Amino acid sequence: MNRVLAHTGAKYPIVQAPMGWIARSQLASAVCKAGGLGIIETSSGETEACKAEILKMRELTDAPFGVNLPIRFLKDDAMLRFVCDAGVKFVTTSAGSPAKFIAPLHDAGITVYHAVPTVDAAMKCVDAGIDGLVVEGTEGGGFKNPEEVGTLVLLQAIRARSDIPMIAAGGICDGKGMAAAFALGAEAVQMGTRFVSCAESPVHINYKQAIVDAKETGTYVLNKKSTPCIRALKTERTAAIHEEGLMPPDTFARILDLYFGGDMEAAVGLAGETAGLITEIKSAKDIIEETVAEFFAITSRMGALGAARNFG
């Protein structure tokens with residue numbers, strides 16, 4: 001059996017990324033109802049609001065869901081303790097070493113995957129006893145490793161060192177990307193930009209439309225000489241940051257005005273390179289069903305080529 005499906009309990013091996021402020025019950029429940037795995041974010045730092053969103057998921061769907069714990073951004077262990085007591089069964093950790101989190105989460109019966117951008121980070125997690133990895137290539141939006149490694153290379157490099165279950169993230173928004181990831185050893189995919197721009201996403205239509213309108217060259221990797229390094233949509237603001245080389249301290253001060261007010265110059269609109277592949281706003285259900293159908297169409301064709309020992 002697919003190990004990620006066994007770990008998550010989801011119908012399909014499609015995971016929604018834990019975007020700060022965005023990945024809450026409205027979006028996550030829509031993904032879960034469509035057969036994917038919705039993830040509730042806690043990176044916003046709004047501890048009580050995030051706790052409420054986790055509890056709200058129980059009201060909105062009976063399907064399994066997960067929670068992300070971004071280690072570097074947690075002020076204390078309050079969210080960890082809450083998740084351990086809330087009956088959550090699947091957690092992704094990120095932004096730091098998961099070593100101290102694995103034991104208490106396992107003690108609570110929770111499966112833990114950690115997001116990694118390099119082989120070295122992956123191997124440290126394997127040695128620490130992690131259950132699986134979210135393998136994040138540089139194509140993805142949001143916080144990135146300045147030493148850019150693409151998803152296709154990273155999947156192969158990690159699989160050469162370990163048989164641990166992998167969720168591929170970065171550069172994937174459809175069945176073609178999913179099939180490519182599975183060919184390299186992944187057992188699931190995580191999509192962020194695709195779900196940010198879906199009908200049930202809570203963000204402003206201006207943000208969704210900016211993703212739809214973007215070209216394949218429509219993002220910048222910013223702040224590579226400092227932290228955090230991010231990938232964001234090209235705007236006048238991000239062009240200025242790209243030219244300067246460093247992000248000013250107030251870069252994220254008005255992020256909610258961008259996300260929910262629609263002012264695309266208020267902050268930086270995080271997005272991955274798949275913005276150049278997304279051409280319309282669709283429901284989470286349509287996205288997942290179309291991704292699954294395309295995945296099986298491609299893998300069936302590839303299977304036929306293998307069986308025939310013919311390149312087509």
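Student: Which residues do ring pairs link into a cluster here?

Tutor: Ring pairs link Phe73, Phe143 and Phe252 into a cluster, where rings of Phe, Tyr and Trp (its six-membered ring) pair if their centres lie within 6.5 Å, with planes under 30 degrees apart counted as stacked, over 60 as edge-to-face and the rest as tilted. This is a predicted model, in which local features need pLDDT of at least 70, side-chain atom pairs count only at pLDDT 80 or more, and totals for chains, interfaces and linings use all residues. Residues are numbered from 1 along each chain as its sequence is written, and side-chain values use heavy atoms, with hydrogens and water left out.

Student: OK, and how many aromatic pairs are there in the whole structure?

Tutor: A search of the whole structure finds 7 aromatic pairs. One of them is phenylalanine 143 with phenylalanine 252, whose ring centres are 6.3 Å apart and whose planes are at 20°, so this pair is stacked.

Student: Where do phenylalanine 143 and phenylalanine 252 lie?

Tutor: Phenylalanine 143 lies in strand S7 (residues 142-144), while phenylalanine 252 is in the loop between helix H11 (236-244) and helix H12 (255-259), so the pair ties together parts that are 109 residues apart in sequence. Helices (H or I, at least four residues) and strands (E, at least two) are DSSP runs, numbered from the N terminus.

Student: What about phenylalanine 295 and phenylalanine 296?

Tutor: Phenylalanine 295 and phenylalanine 296 form an edge-to-face aromatic pair, with 5.2 Å from centre to centre and 70° between the planes. Phenylalanine 295 counts as buried, at 8% relative accessibility.

Student: Switching to helices, how do H3 and H4 pack?

Tutor: Helix H3 (residues 47-60) and helix H4 (residues 78-85) pack at an angle of about 15°, with their axes 11 Å apart; axes are lines fitted to C-alpha atoms, for helices over the stretch in contact, and angles run from 0 to 180 degrees between N-to-C directions. That makes H3 roughly parallel to H4, since angles under 35 degrees count as roughly parallel, over 145 as roughly antiparallel, 65 to 115 as roughly perpendicular and the rest as oblique.

Student: Which residues make the contact?

Tutor: On H3 they are Thr47, Cys50, Lys51, Ile54 and Leu55, and on H4 they are Ala78, Met79, Phe82 and Val83, with contact meaning heavy atoms within 4.5 Å.

Student: And at what angle do H2 and H3 cross?

Tutor: The axes of helix H2 (residues 25-33) and H3 come within 10 Å and cross at roughly 40°, and H2 and H3 are therefore oblique to each other. Ser25, Ala28, Ser29, Cys32 and Lys33 in H2 meet Glu53, Lys56, Met57 and Leu60 in H3.

Student: Last topic, the backbone: which peptide bond is cis?

Tutor: The peptide bond from threonine 227 to proline 228 is cis, with omega near -5°, and proline 228 is found in the loop between strand S10 (219-222) and strand S11 (229-233). Most residues other than glycine have a negative phi, and most peptide bonds are trans.

Student: So what is phi of asparagine 223?

Tutor: Phi of asparagine 223 is near 65°, a positive value in a residue other than glycine. Asparagine 223 is placed in the loop between S10 and S11, and it counts as buried, at 4% relative accessibility.

Terms used. Buried means under 20% relative accessible area, exposed over 50%, partly exposed in between (1.4 Å probe, protein chains only).
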